[in-house]
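Here is a short report on one protein model.

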Amino acid sequence: MASEVLPKPQMRGLLAKCLRFHMVTAFVLSLGVAALYKFGVADKRKKAYADFYRNYDAMKDFEEMRKAGIFQSVK
């Protein structure tokens with residue numbers, strides 16, 4: 001019966017190796033998620049607000065609310 005020689009497990013530097021891998025992975029994933037959020041959510045939201053306020057007339061809106069009787073202090 002021949003005994004096989006098993007390779008020794010890596011003990012020295014194992015934590016540093018794992019941390020390096022996980023830190024790089026976390027950094028890359030966080031940059032990816034931030035870019036997806038910026039282009040997928042923030043830019044669309046910014047454009048929607050810009051489109052809304054491009055033609056928004058605050059005085060016209062105020063007059064409509066005043067005529068509807070929403071304000072108690074304004075006749």
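## Burial and surface

Buried residues account for 0% of the 75 residues in the protein. Buried here means under 20% relative accessible area, exposed means over 50%, and partly exposed lies in between, with a 1.4 Å probe and protein chains only. The accessible surface of the protein is about 7,600 Å². Carbon and sulfur atoms hold 67% of that surface. Accessible areas come from the Shrake-Rupley method with a 1.4 Å probe, and for residues only the protein chains shown count as cover.

The model is predicted: local features need pLDDT of at least 70, side-chain atom pairs count only at pLDDT 80 or more, and totals for chains, interfaces and linings use all residues. Residues are numbered from 1 along each chain as its sequence is written, and side-chain values use heavy atoms, with hydrogens and water left out.

## Overall dimensions

The protein has a radius of gyration of 31 Å. A compact globule of 75 residues would have one near 11 Å. The radius is taken over C-alpha atoms, and the globule rule is 2.2 Å times the number of residues to the power 0.38. Along its principal axes, the C-alpha trace spans about 100 × 25 × 25 Å.

Specific pairs put distances on this trace. Glu63 and Val5 are 58 residues apart in sequence, and their C-alpha atoms lie 89 Å apart. Arg45 and Met23 are 22 residues apart along the chain, with 31 Å between their C-alpha atoms. For Ser73 and Phe52, 21 residues apart in sequence, the C-alpha separation is 28 Å.

## Helices and the annotated span

The protein has 2 helices and 0 strands. Helices (H or I, at least four residues) and strands (E, at least two) are DSSP runs, numbered from the N terminus. Helix α1 covers residues 14-54. Helix α2 covers residues 58-68. Arg45 sits in helix α1 and is partly exposed at 47% relative accessible area. Ser73 lies in the segment after α2. Ser73 is exposed, at 71% relative accessibility.

An unreviewed UniProt entry annotates residues 20-37 as "transmembrane region". UniProt positions are given in the numbering used here, feature names are shortened, and annotations may be inferred rather than shown by experiment. In the model, residues 20-37 are 100% helix and 0% strand. The end C-alpha atoms of this span lie 26 Å apart.

## Charges

The protein carries 14 positive and 7 negative side chains. Lys and Arg count as positive, Asp and Glu as negative, while His and the chain ends are not counted. The centres of the two sets lie 11 Å apart. Each charge is placed at NZ of Lys, CZ of Arg, CG of Asp or CD of Glu.

## Salt bridges

The protein has 4 salt bridges. A salt bridge is a side-chain nitrogen of Lys or Arg within 4 Å of a carboxyl oxygen of Asp or Glu. Arg66 is partly exposed, with a relative accessible area of 26%. Glu63 is also partly exposed, at 26% relative accessibility. Elsewhere, salt bridges that share partners join Lys47, Asp51 and Arg54 into one network.

What distance separates N and O in the salt bridge of Lys47 and Asp51? The N to O distance is 3.0 Å. Lys47 and Asp51 are 4 residues apart in helix α1, so about one helical turn separates them. Arg54 also meets Asp51 in a salt bridge, at 2.8 Å from N to O. Arg54 and Asp51 are 3 residues apart in helix α1, again about one helical turn. Lys47 is exposed, at 53% relative accessible area. Arg54 is exposed too, at 57% relative accessibility. Asp51 is partly exposed, with a relative accessible area of 32%.
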